[in-house]
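Open the structure and keep the sequence beside it. We will walk through it one piece at a time.

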Amino acid sequence: MKWFAFPITLAVVFLLGACSDSSSGSSQTKEGFSVVADPVHAGMLRVNPAGEFALLGSNDSDARPNEKPQMAVKLDYRYSLAVQEVTCGDYAAMAKREGREIASSCDSDSLPVVDVTFYDAVLYANARSKAEGYDTVYSYVGKSFSRNNRCVHLDGLVFHHEVEGYRLPTEAEWVYAASKGWNPAGGWNASNSDGRMHQVCTSEVDEFGFCDLAGNVLEWVNDWLGPLKDTTIVNYIGASQPNDLEEKVVKGGYYSNSPEGMTLYSRGSTYSVSPVSAESYLGFRLAFGSIPDACSSAGDGNGLESTFFIEAPVESIKKWMGTYRSVLAFRNHESGNLCFLDYRKNVLNVVEISDSIQVYHPDISPDGSKVAFCTVPEGTGGKSSVYVRNLDAEGSRLVKLDVESAAIPRWYVDEHQDTSIIYVDNAGDNSDEAEFLKANTWKVPFQNGTFGKPEKILSGAYHGGVFGEGSFAVSGSRLLRAFVEGEHKVWYDEKQACNVSLSKDGASKTLFLDFGGKDASGEKYGVHDRLLVVDSSGQMIHSIPAPDGYSFDHTEWTNREDLAVASLTNFNGVHKTLALVNLRDSSVMDLVSGTEVWHPCFWAKPRVAYDGDVLDVDSAGIYLGENYDENVRLFSLKMRMFWDLKDEVELVALGTSRTEKGLDPRELSMPALNMGRSGGELWENLHILANYVLPQMKNMKYLVLEVSPDLLQSPKNFRFEKVFDQAVGFQYDANHDFWRDSVPRGFVDIVDEYCPYSRKDSVEMVSTRGLLEMEPEGWGSTISSWDSVFCDECELSRIASLDSIRDVVEGTKETGLQIIALIYPQSPLYRESGRYGHFGLQRSVAKVTVDFLDSLAKAYPHFTLMDENKFGDHDYGDEMASDDGHLSKLGAIKLTRRLDSLISYYL
């Protein structure tokens with residue numbers, strides 16, 4: 001498998017062999033290493049590595065898998081790096097210059113700017129380049145912003161490493177500069193920061209003059225997070241495309257990390273960091289300078305062999321197709337492999353599935369999840385095979401049709417909604433009628449990933465498409481043949497025709513190419529210069545000219561009326577571009593370009609009707625917003641589990657990661673669902689309760705609501721926008737009153753399709769009904785958390801949280817619902833710290849909180865407080881814990897069994 005970034009960032013693609021350092025040190029410059037003040041670029045130091053090495057990753061056994069093994073990067077060029085992190089004042093001034101209103105919580109212009117996405121940092125770098133008269137390092141074709149004006153996407157983003165301008169540093173550049181004076185104890189860290197960031201350059205300055213490389217705030221760098229190799233690479237700029245989680249590298253640690261927890265080789269944070277992550281502890285600093293002979297690697301650590309550029313942004317796809325839930329599949333004619341581009345992804349990539357099977361005529365299944373293809377092209381006689389595989393990065397579930405020969409597969413859904421594949425047993429020259437009729441057209445059922453028994457439906461190789469159980473069919477490859485009302489016919493005056501495709505809208509329009517002629521006005525055109533369409537009687541209705549400098553090759557209908565997809569060839573016959581063609585106005589939109597891109601198929605999500613209306617497939621069930629990270633993705637999967645299981649669940653648990661990791665539904669004596677998630681604030685949980693759980697879960701008898709005292713201090717909407725304001729599915733539900741009256745037909749299917757479970761998800765979450773199992777790691781010997789500091793805002797939020805819990809209890813007293821308020825155990829060492837738990841809170845204030853909850857339990861018979869923490873005086877030993885604030889899978893079993901006993905005997 002190969003991954004290709006959106007788009008590939010290198011103008012020239014290097015193999016790692018070409019990037020490896022095979023010298024014995026003879027190429028080092030004579031000048032030697034130096035760091036000096038940059039006389040041109042204010043606030044920067046000029047770094048001259050002089051052929052020295054940056055060491056990425058580590059061979060330490062305690063390092064994370066993506067931090068191993070150690071890889072050496074030789075740097076043979078100069079670059080500049082900012083002395084300090086970009087400040088709030090710097091950022092706000094540049095934003096104002098760019099005409100953007102920035103919502104900032106900064107108390108001082110000298111604090112590092114945080115809560116900015118990778119894309120925000122890119123825009124800032126470009127803005128500084130423009131302000132100082134330099135070319136911009138990053139190019140893009142469109143911008144998307146969240147409601148609070150954070151940039152959450154840059155369409156067509158390209159990193160031009162060869163440009164001399166401002167940019168984010170590479171991981172290698174950052175590590176090299178930091179390695180010369182690395183001293184985490186001298187930076188702002190958990191031992192000296194009071195749990196907050198500080199003004200830049202108020203901690204120890206290293207011997208070269210850099211500030212805050214260790215501590216204060218984490219820093220974006222330019223690299224995608226990719227695997228490391230046990231080798232040496234010259235001028236490395238990171239992985240050329242994202243991994244499955246679309247993670248970026250961040251460096252340096254921040255104010256709540258212990259000094260010993262900050263390492264040069266660390267490449268991430270507690271949670272996965274994607275380009276749209278915006279955190280209160282994540283900022284950036286700038287670099288300046290071009291990177292000569294830059295080297296990148298593919299996701300598997302190997303070099304890339306093909307380069308693709310994505311030409312159309314998602315917004316253009318939606319404008320043409322009515323949805324961005326679309327997929328393009330095609331043949332890489334250089335390698336013979338299947339490639340696809342899934343526009344449903346947050347970061348667009350062309351994925352190539354590498355194996356030994358030649359791929360021709362790919363056709364995407366009606367639900368967009370699979371692709372059928374054959375091993376020989378149209379016009380080629382002889383034996384061929386048909387395969388079906390999943391449209392995923394692995395090309396999984398590959399199955400072969402077991403017949404002597406099968407070519408040019410086309411998916412077919414009959415009037416009973418049963419899915420089959422139409423194919424022919426010979427795709428050769430059809431000019432001789434007798435030979436053509438010796439071949440046959442077949443239909444084979446395909447259900448649950450398995451082929452059924454083939455059935456012959458027509459004499460003749462009608463590989464252009466079949467309609468109405470074989471009542472209408474077309475074929476090309478020399479002559480335009482049609483089967484109409486029981487008769488075999490030849491259309492188009494028996495002139496040469498090829499690339500025949502029957503429309504998928506039931507109108508029986510036939511798309512094809514010819515070998516030159518004259519149009520209706522008498523104007524001459526050449527081979528494949530026109531895209532032609534005839535109606536169901538063979539009469540010409542469209543003649544679309546190819547773009548200047550190109551001709552068409554291999555054209556196919558999409559599953560949208562009057563929209564086709566085609567390969568465009570240059571004057572040398574090279575398939576340079578894949579494009580959509582609008583037959584209504586003759587417009588053409590480029591999709592993907594490359595060295596040799598051929599045999600395209602374009603699929604768009606079908607529209608779903610309900611009650612005389614149509615479900616918006618770009619909104620329904622889209623619970624993963626632009627502000628994507630792994631925790632949000634997991635919650636989108638829990639929303640799918642909610643819709644799938646809502647009619648059978650009798651107990652639902654809502655809460656944070658303590659719930660997600662600490663309650664095992666399999667240990668309960670009734671059907672249950674764990675909907676806890678990392679970062680799940682009380683306000684989010686109450687929103688889910690009021691608008692989803694209570695209206696939809698008609699059989700629910702028990703609600704387990706996490707009430708961790710140290711997590712009731714968060715202000716309302718602190719994280720709310722990251723989920724509910726960004727993911728359009730939640731807004732769509734709200735606009736339809738959360739489907740309280742009835743859930744539309746097809747809605748749950750859309751949710752299932754948009755929130756797919758990976759194999760890992762199925763094992764780690766679905767099979768456990770939402771529990772994320774953690775291995776026993778112990779409570780830990782040290783406490784790494786914020787100090788307990790009383791604040792007025794926190795107290796107001798705590799009081800508001802308790803008032804809201806009381807409102808829920810009061811509002812459900814007549815419903816028969818039993819509510820268990822659950823406090824999860826934390827490290828017993830907090831008894832010695834003066835704070836309640838991982839997120840602080842004075843123990844005296846926590847006691848007031850617990851007393852209030854206990855008073856509710858005494859006043860309302862349907863409300864029960866289950867305190868498993870007991871201010872640290874609990875009986876959950878080290879084997880029951882995964883860290884200082886979470887249970888292990890053994891602890892989850894113990895707690896859940898106690899919960900089940902409480903329900904069985906007392907409720």
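Strand β43 is joined to strand β44 (residues 563-569) by 6 bridges, and the two run antiparallel. Strands here are DSSP runs of E with at least two residues, helices are runs of H or I with at least four, and both are numbered from the N terminus. Two strands pair if DSSP finds at least two bridges between them. Look at T555: its bridge partner in β44 is A566.

Before going on, note that this is a predicted model, where local features need pLDDT of at least 70, side-chain atom pairs count only at pLDDT 80 or more, and totals for chains, interfaces and linings use all residues. Residues are numbered from 1 along each chain as its sequence is written, and side-chain values use heavy atoms, with hydrogens and water left out.

Now widen the view. The pair belongs to an open sheet of 5 strands, in the order β19-β46-β45-β44-β43, with antiparallel pairing. At the edges stand β19 (308-310) and β43 (551-557). Each has a single partner strand, so one side of each lacks a neighbour in the sheet. On average, neighbouring strands of this sheet are turned by 30° against each other, direction ignored. A helix packs on this sheet too: α5 (residues 314-321) touches β44, β45 (575-582) and β46 (587-594). Contact means heavy atoms within 4.5 Å. The direction of α5 makes about 140° with that of β46. Such angles run from 0 to 180 degrees between N-to-C directions, and axes are lines fitted to C-alpha atoms, for helices over the stretch in contact.

Zoom in on strand β45, where T577 is found. Is T577 buried or exposed? Its relative accessibility is 6%, so T577 counts as buried. Buried means under 20% relative accessible area, exposed over 50%, and partly exposed in between (1.4 Å probe, protein chains only). Leaving out residues up to four places away in sequence, T577 touches Y550, A566, S567, L568, D590, V592, S593 and V597.

Next, find a second sheet. This open sheet has 3 strands in the order β4-β5-β13, and its pairing is mixed. β4 (53-56) and β13 (232-234) are its edges, each with a single partner strand. Neighbouring strands are turned by 25° against each other on average, direction ignored. Between β4 and β5 (residues 71-74), which run antiparallel, there are 4 bridges. One links F53 to K74 in β5. Helix α4 (residues 171-179) packs on this sheet, touching β4 and β5.
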